[in-house]
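Let's take a walk through this protein together.

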Amino acid sequence: MILRVRVEHTLTEALNGAEAFEEAARRLRAGELIAFPTDTVYGLAADPLQPRALSALFAAKGRPDNKPIPLLVGNADGVERVTTEVSPLARRLMARFWPGPLTLILPAAASLPAELLGGGATVGVRMPDHPVALGVLRAFGGPLAVTSANRSGERDSVDADMVEAALSQRFTLLLDSGRVFGGVASTVVDLTGAAPRILRVGPLSHEALASAWEENSA
């Protein structure tokens, strides 16, 4: 049975959320899946260091095993825990666009499970700009494996009703704060090559990122 909890929010803080965030963290530590809003779409989350939880996340999503799942962090310092290198350009992009709809592809730390990485050596990392998502991340105390709360290939969920319709009994807790104010999946930039490369265009366009890249090459 899914526990659905309403958490009101403003643009800067979540209201009446402390108990909900602690309950979310408890369930995540127990290996359960939960769903919550981000600044882009609703996400489905698991503890990235528990293989059984990751397997459940892949199964719930219907995601191929070779397609990695990105991580959300509660602050920029959390990136140091999941990657072997944070380049000057990565730090510049984080400072300018985090929290926000930008996922950075970075070299993965050896401590991350192979299942999370889809057999590769890189990891996607983002800090969301949503008080509920940040409340969960900070209560949990570490990064979370989070993918959009829908079945692979289907439309993204932008409110709690869509999450329930898409994933039914595949998770145990749903934090409902109404319709998300983004509605578009994050922009994804790969920083592991000789030059930055946009893998997915989202809320941040190439033009929005270009000035930071030009600063890096100057």
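Predicted model: local features only at pLDDT ≥ 70, side-chain atom pairs only at ≥ 80, totals over all residues.

Residues are numbered from 1 along each chain as its sequence is written, and side-chain values use heavy atoms, with hydrogens and water left out.

The open sheet is built from 10 strands in the order E1-E8-E2-E3-E7-E4-E6-E5-E9-E10, with mixed pairing. Strands (E, at least two residues) and helices (H or I, at least four) are DSSP runs, numbered from the N terminus; two strands pair if DSSP finds at least two bridges between them. At the edges lie E1 (3-6) and E10 (197-200), each pairing on one side only. Helix H6 (residues 160-167) packs on the sheet and touches E1, E2, E3 and E8.

Now look at E2 (residues 34-37). A hairpin of four residues leads from E2 to E3, and these two strands pair in the antiparallel sense over four bridges, with Pro-37 opposite Tyr-42. E2 runs parallel to E8 (residues 173-176), joined by two bridges; here Ile-34 is partnered with Leu-173.

In a regular strand, side chains alternate between the two faces of the sheet. Along E2, Ile-34 and Phe-36 point one way, Ala-35 and Pro-37 the other, and all are buried (under 20% relative accessible area, 1.4 Å probe, protein chains only).

Phe-36 also brings us to the largest nonpolar core, which has 71 residues; Phe-36, Leu-93, Leu-104 and Leu-175 have the most contacts inside it. Such a core is a set of buried Ala, Val, Leu, Ile, Met, Phe, Trp, Tyr and Cys residues joined through side-chain atoms within 4.5 Å. Helix H5 (residues 131-140) gives the most to this core, with seven residues.

Terms used. Buried < 20%, exposed > 50% of the residue type's maximum accessible area, 1.4 Å probe, protein only. Contact = heavy atoms within 4.5 Å. Axes fitted to C-alpha atoms, helices over the stretch in contact; angles between N-to-C directions.
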